[in-house]
Amino acid sequence: MIRCQMYAMVVFAFGCLVLLPDHSKAINCWVCSTDTDQRCNDPMNMTKGAIEDCSRAPHSAFLQPVCKKQKQRVNGELLIIRSCAWASDSRSDDGPCAINTPANIRIEHCSTCDQDLCNGAVVIGGCTVFLTMVLAVAVHLATY
């Protein structure tokens, strides 16, 4: 009984460590636009070819790479752009969504995020599913 509980605690601790965010790793974002590829639309239907490692693109050392999704109307036509962007840690900065646009462009939506492929559809990774199953089994075993 005690051995089973100890096993469950070790598995739980390992799962927590694995799920902690790693801010030192690269961020991958979807990079596409509906003016050149309609698969970039909502809902998105892109392939791995539209993924870019945004941390490799040239940017200031004081800025962190983020993923950006923007919906805009250009001369009345909806355009969706998914891209890399760079944000500062400063709260006084409006960020990559604060851009001046010509009169014929109206921004309808703009958001940034800092997780891999977060500017596309929601995806649950295989590692997350596996760890969730392991933790569920460990908790189940600990209750016996």
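# Close-up views of a predicted protein model

**View 1. The whole chain at a glance.** Of the 144 residues in this protein, 26% count as buried; buried means under 20% relative accessible area, exposed means over 50%, and partly exposed lies in between (1.4 Å probe, protein chains only). What you're looking at is a predicted model, where local features need pLDDT of at least 70, side-chain atom pairs count only at pLDDT 80 or more, and totals for chains, interfaces and linings use all residues. Residues are numbered from 1 along each chain as its sequence is written, and side-chain values use heavy atoms, with hydrogens and water left out. Take the contacts (heavy atoms within 4.5 Å) between residues at least 6 apart in sequence: 67% of them join residues at least 24 apart.

**View 2. Four strands make an open sheet.** The strand order here is β2-β5-β4-β6, and the pairing is antiparallel; two strands pair if DSSP finds at least two bridges between them. Which strands stand at the edges? They are β2 (32-33) and β6 (105-113), and each has a single partner strand, so one side of each is left without a neighbour in the sheet. Two bridges join β2 to β5, and in that pairing C32 has R82 as its bridge partner.

View 3. Strand β4 (residues 64-74) runs antiparallel to strand β5 (residues 77-87), and eleven bridges hold the pairing on record. Look across from C67 and you'll find its bridge partner in β5, C84; likewise, Q72 stands opposite L79. Two residues sit between the strands, and N75 has a positive phi near 50°. N75 counts as exposed, with 58% relative accessibility.

View 4. In the loop between β2 and β3 (51-53) you'll find P43, and a cis peptide bond with omega of about -5° joins D42 to P43. Now hop to the loop between β6 and α2 (126-142), the place of L117. L117 has a positive phi near 55°, and this residue isn't a glycine. Is L117 buried, partly exposed or exposed? At 25% relative accessibility, L117 counts as partly exposed.

View 5. Side chains of opposite charge can pair when their charged atoms come close. The structure holds seven salt bridges, each being a side-chain nitrogen of Lys or Arg within 4 Å of a carboxyl oxygen of Asp or Glu. K69 and D42 form one of them, 3.0 Å from N to O. This pair links distant parts of the chain, with K69 in strand β4 and D42 in the loop between β2 and β3, 27 residues apart. K71 also forms a salt bridge with D42, and the closest N and O atoms are 3.0 Å apart. Here the two residues, K71 in strand β4 and D42 in the loop, are 29 residues apart. K69 counts as buried at 15% relative accessibility, while K71 is partly exposed at 24%. Together, D42, K69, K71 and R82 are linked in a network of salt bridges.

**View 6. R39 meets D37.** Another salt bridge joins the side chains of R39 and D37, 2.8 Å from N to O. R39 is partly exposed, with a relative accessible area of 36%, whereas D37 counts as buried at 18% relative accessibility.
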